[in-house]
Amino acid sequence: MTISTSQSFLDESRKRAKQPIYLYTIEDPAGDGVDLNYAGWDTDIVFNGITYQKFPITHDEISENADGELPSTSAQISNISRLIEAYLQAYDLRGKKVTIKMVYANLLDDPDCYVEFSRYIDSYASNVKDVVFTLMSKLSVIGVQVPLTIFSTRRCQHLFKGARCGYAGAETECNRTRARCRVLGNQSRFGAQPGIKGNRSYG
């Protein structure tokens, strides 16, 4: 028997494949080295070897303000299961890192195809329905003074063959692009910040 598929169904399927999926990681909330990984999607998502559990979670838009700064944002997580509430009762999550990755459904097989943002939990509030985290930059949360650092969206900032670069092969030069880093098999140490809009100085 031949099963016919309507054009509208195919169109919707293609649209869904191109929709962004947001993946959330709360790093080491219990201090035992185990991260919480959630997907703001209707199925579990496997990306770059990590399984992100489907969970009702969203975040406010992350963008620069008029001064080119990266302001605070918030993430809202369902509290119906009381899972997150249990962590709040047992541990102090202030200062814990939250990483948000944006991927696409049709590109999940490419571990380099994502945009990433990182924030740190500054405060949180909960009710019977939701937990809302206020997320800020690390300096805003912890108040640490660091030397001025330049973040680039496209070019690696590490010294070639230096400690942060980690490349120890036979090549003698690198143009500091992601493509070159991939050729050298060193893309996991690519020292740029693709999640930052434009090149910025912090510190």
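In what order do the nine strands of the open sheet lie? In this predicted model, the order is 3-4-2-1-7-8-9-6-5, and the pairing is mixed. Strand 3 (45-47) and strand 5 (57-59) form the edges of the sheet, each of them pairing on one side only. Direction ignored, neighbouring strands of the sheet are turned by 35° against each other on average. Strand 6 and strand 9 pair in the antiparallel sense, with six bridges between them. Within this pairing, Ser74 has Thr134 of strand 9 as its bridge partner.

For the chain as a whole, the secondary structure amounts to four helices and 11 strands. The chain has 203 residues, of which 32% count as buried. Among contacts with a separation of 6 or more, 54% are made by residues 24 or more positions apart.

Helix 2 (residues 83-90) lies across strand 2, strand 6, strand 8 and strand 9 of the model, and runs at about 60° to strand 9. The buried residues of helix 2 are Ile84, Glu85 and Leu88. Because these residues cover an arc of only 100° around the axis, they are on the same side of helix 2. In an α-helix, with its 3.6 residues a turn, residues three or four places apart point the same way. The cover over the buried residues of helix 2 includes strand 2 (36-39), strand 6 (73-78), strand 8 (115-126) and strand 9 (130-136). On the face turned away from the buried side, helix 2 carries the exposed residues Gln89 and Ala90.

Backbone geometry was then examined in the loops. Most residues other than glycine have a negative phi. Asn48, which is not a glycine, has a positive phi of about 55°. This residue, Asn48, is placed in the loop between strand 3 and strand 4 (50-54). The relative accessible area of Asn48 is 53%, so this residue is classed as exposed. Arg82 is likewise not a glycine and has a positive phi, of about 65°. The position of Arg82 is in the loop between strand 6 and helix 2. With a relative accessible area of 38%, Arg82 is partly exposed.

A further loop residue is Gly185, found between helix 4 (178-183) and strand 11 (200-202). Gly185 has a relative accessible area of 56% and is therefore exposed, the cut-off being over 50%. Although Gly185 and Tyr167 are 18 residues apart in sequence, their C-alpha atoms are 8.7 Å apart in space.

The mean pLDDT is 78, and 73% of the residues reach 70 or more. Over residues 142-150 the pLDDT is below 50, and in the model this stretch has 15 contacts beyond near neighbours in sequence. The pLDDT also stays under 50 over residues 197-203, where the model has 24 contacts beyond four places in sequence. Where pLDDT is low, the predicted coordinates should not be read in detail.

Notes: Residues numbered from 1 in each chain as written. Predicted model: local features only at pLDDT ≥ 70, side-chain atom pairs only at ≥ 80, totals over all residues. Heavy atoms only, no water. Helix = DSSP H or I, 4+ residues; strand = E, 2+ residues; numbered from the N terminus. Buried < 20%, exposed > 50% of the residue type's maximum accessible area, 1.4 Å probe, protein only. Contact = heavy atoms within 4.5 Å. Arc of directions from axis to C-beta. Pairing = 2+ DSSP bridges. Axes fitted to C-alpha atoms, helices over the stretch in contact; angles between N-to-C directions. pLDDT = per-residue confidence, 0-100.
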